[in-house]
Amino acid sequence: MNEDTFNMEIRKYLKTVGITSQREIEQAVYKALESGKLEGSEMLAVKMTLEVPGVGICHCIEGTLALE
């Protein structure tokens with residue numbers, strides 16, 4: 001295994017995950033605000049699940065996002 005290649009592949013993947021996740025969350029929140037489903041002062045629970053079936057990883061990361 002080439003550790004440099006592996007490290008770069010992980011970084012590229014995580015960058016894609018981060019950018020895509022942020023975009024999806026922002027779009028969903030703006031849509032919910034426009035429709036009145038959210039008021040804009042909520043704390044939103046978030047959960048991200050990381051799975052790598054080839055090595056048996058299933059890791060859940062939970063948190064909250066403040067809108068105000």
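Author: Strands are DSSP runs of E with at least two residues, numbered from the N terminus. The model discussed here is predicted.

Reader: In which strand does M48 lie?

Author: Strand β1 covers residues 43-52. The strand that holds M48 is therefore a DSSP run in this numbering, namely β1.

Reader: Is M48 buried, partly exposed or exposed?

Author: Buried means under 20% relative accessible area and exposed means over 50%, with partly exposed in between. The relative accessible area of M48 is 40%, so M48 is partly exposed.

Reader: How far apart in space are M48 and C60, C-alpha to C-alpha?

Author: Strands β1 (residues 43-52) and β2 (residues 57-66) pair in the antiparallel sense over 10 bridges. M48 and C60 are 12 residues apart in sequence, yet from C-alpha to C-alpha the distance in space is 5.7 Å.

Reader: Which residue is the bridge partner of K47 in β2?

Author: The pairing of β1 with β2 is antiparallel. V52 of this pairing stands opposite I57 in β2. For K47, the bridge partner in β2 is E62.

Reader: Which residue takes a positive phi in the hairpin of β1 and β2?

Author: The hairpin has four residues between the strands. The positive phi there is near 80°, and the residue that takes it is G56.

Reader: Is V55 buried or exposed?

Author: V55 is placed in the loop between β1 and β2. Its relative accessible area is 60%, and the cut-off for exposed is over 50%. V55 is therefore exposed.

Reader: Which element gives the most to the nonpolar patch on the surface?

Author: The patch is formed by M1, F6, I10, Y13, L14, L50, V52, V55 and I57, with about 890 Å² of accessible area together. At least two of its residues come from each of α1 and β1. The element that gives the most, with four residues, is α1.

Reader: What span does helix α1 reach from its first C-alpha to its last?

Author: Helix α1 runs over residues 3-35 and has 33 residues. At 1.5 Å a residue, 48 Å is expected, and the span in the model is close to this, at 48 Å.

Reader: Which residue caps the N-terminal end of α1?

Author: A side-chain oxygen lies 2.9 Å from the backbone nitrogen of D4. The residue that supplies this oxygen and caps the helix is N2.

Methods
Residues are numbered from 1 along each chain as its sequence is written. This is a predicted model: local features need pLDDT of at least 70, side-chain atom pairs count only at pLDDT 80 or more; totals for chains, interfaces and linings use all residues. Side-chain values use heavy atoms; hydrogens and water are left out. The expected span of a helix is 1.5 Å times one less than its number of residues. A polar contact is a pair of N or O atoms within 3.5 Å; within protein, one must be able to donate a hydrogen and the other to accept it, and residues adjacent in sequence count only if both atoms are side-chain atoms. Two strands pair if DSSP finds at least two bridges between them. Patches are made of residues with over 30% relative accessible area and no salt bridge: like charges are joined within 9 Å, nonpolar side chains (Val, Leu, Ile, Met, Phe, Trp, Tyr) within 5 Å. Accessible areas come from the Shrake-Rupley method with a 1.4 Å probe; for residues, only the protein chains shown count as cover. A salt bridge is a side-chain nitrogen of Lys or Arg within 4 Å of a carboxyl oxygen of Asp or Glu. Buried means under 20% relative accessible area, exposed over 50%, partly exposed in between (1.4 Å probe, protein chains only).
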